Amino acid sequence: MSIEEKIKMAAKLYEARDGAKAILGEQYAARMLPYQMAIKEIMEGKQCDAIQAAIALCKGLRPLEVLYTIAAAVELVEPSEPT
């Protein structure tokens, strides 16, 4: 994967997080916790990073759940600054 492709993918991941924040508002942090816990469990079991674990978790989920899962993975990699 080229540097440009990596940058574009990172931008899309951050867009997913921004979208989840917009949808959930003040509930965002609390709603991310169960997704983060599930991602961490997969990370430990498969010895993989947060994004790989999120992708594995997304299989079979509904679109909104996929969005939240990706947002939770981004939070694990680079937590949001407190508002």
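Mentor: Let's start with a term we will need: a residue is buried under 20% relative accessible area, exposed over 50%, and partly exposed in between. Keep in mind, too, that this is a predicted model.

Trainee: Thanks! Then why does Gly19 count as partly exposed?

Mentor: Its relative accessibility is 22%. You will find Gly19 in helix H1.

Trainee: How far apart are Gly19 and Ala71 in sequence and in space?

Mentor: They are 52 residues apart in sequence, and their C-alpha atoms are 8.4 Å apart in space. Ala71 is one of the buried residues of H4.

Trainee: Let's stay with H1. What span is expected for H1, and what does it reach?

Mentor: H1 has 22 residues, and at 1.5 Å a residue the expected value is 32 Å. From first C-alpha to last, the helix reaches 32 Å, close to that expectation. Just after H1 comes Gly25, with a positive phi of about 55 degrees.

Trainee: Which residues of H1 are buried?

Mentor: They are Leu13, Ala16, Arg17, Ala20 and Leu24. These residues cover an arc of only 90 degrees around the axis, which puts them on the same side of H1.

Trainee: What do the buried residues of H1 pack against, and what sits on the face turned away?

Mentor: The buried residues pack against H2, H3 and H4. The face turned away from the buried side carries exposed residues, among them Ile3, Glu4 and Lys12.

Trainee: Now H4. How do you know that the span of H4 agrees with its number of residues?

Mentor: Helix H4 runs over residues 63–77, which is 15 residues. At 1.5 Å a residue it should span 21 Å, and its end C-alpha atoms are 21 Å apart, so the two values agree. Its buried residues include Tyr68, Ile70, Val74 and Glu75. What covers the buried residues of H4 includes helices H1, H2 and H3.

Trainee: Which residues have the most contacts inside the largest nonpolar core?

Mentor: They are Tyr28, Met32, Ile39, Tyr68 and Ile70, in a core of 20 residues. Each of H1, H2, H3 and H4 supplies at least two residues of this core. H4 gives the largest share, 6 residues.

Trainee: Tyr68 keeps coming up. What does Tyr68 touch?

Mentor: Leaving aside residues up to four places away in sequence, Tyr68 touches Ala20, Ile23, Leu24, Arg31, Met32 and Tyr35.

Trainee: And how many aromatic pairs does the structure hold?

Mentor: It holds 1 aromatic pair. That pair is Tyr35 and Tyr68, with 5.9 Å centre to centre and 70 degrees between the planes. Tyr35 lies in helix H2 and Tyr68 in helix H4, so the pair ties together parts that are 33 residues apart in sequence. Both tyrosines are buried.

Trainee: Why are Lys8 and Glu4 called a salt bridge?

Mentor: The cut-off is 4 Å between a side-chain nitrogen of Lys or Arg and a carboxyl oxygen of Asp or Glu. Lys8 and Glu4 meet at 3.0 Å, N to O, so they qualify. Both lie in helix H1, 4 residues apart, about one turn of the helix. Lys8 is partly exposed at 48%, while Glu4 counts as exposed at 53%.

Trainee: How many salt bridges does the structure hold?

Mentor: There are 3. Another joins the side chains of Glu75 and Arg17 at 3.4 Å, N to O. This pair links distant parts of the chain, with Glu75 in helix H4 and Arg17 in helix H1, 58 residues apart.

Trainee: Are Glu75 and Arg17 buried or exposed, and how do you know?

Mentor: Glu75 has a relative accessible area of 9% and Arg17 one of 8%. Buried means under 20%, so both are buried.

Trainee: And what about Arg62 and Glu65?

Mentor: Their side chains meet in a salt bridge at 3.2 Å, N to O. Arg62 is exposed at 58%, whereas Glu65 counts as partly exposed at 22%.

Terms used:
Residues are numbered from 1 along each chain as its sequence is written. This is a predicted model: local features need pLDDT of at least 70, side-chain atom pairs count only at pLDDT 80 or more; totals for chains, interfaces and linings use all residues. Side-chain values use heavy atoms; hydrogens and water are left out. The expected span of a helix is 1.5 Å times one less than its number of residues. Buried means under 20% relative accessible area, exposed over 50%, partly exposed in between (1.4 Å probe, protein chains only). Contact means heavy atoms within 4.5 Å. The arc is that of the directions from the helix axis to the C-beta atoms. A nonpolar core is a set of buried Ala, Val, Leu, Ile, Met, Phe, Trp, Tyr and Cys residues joined through side-chain atoms within 4.5 Å. Rings of Phe, Tyr and Trp (its six-membered ring) pair if their centres lie within 6.5 Å; planes under 30 degrees apart count as stacked, over 60 as edge-to-face and the rest as tilted.
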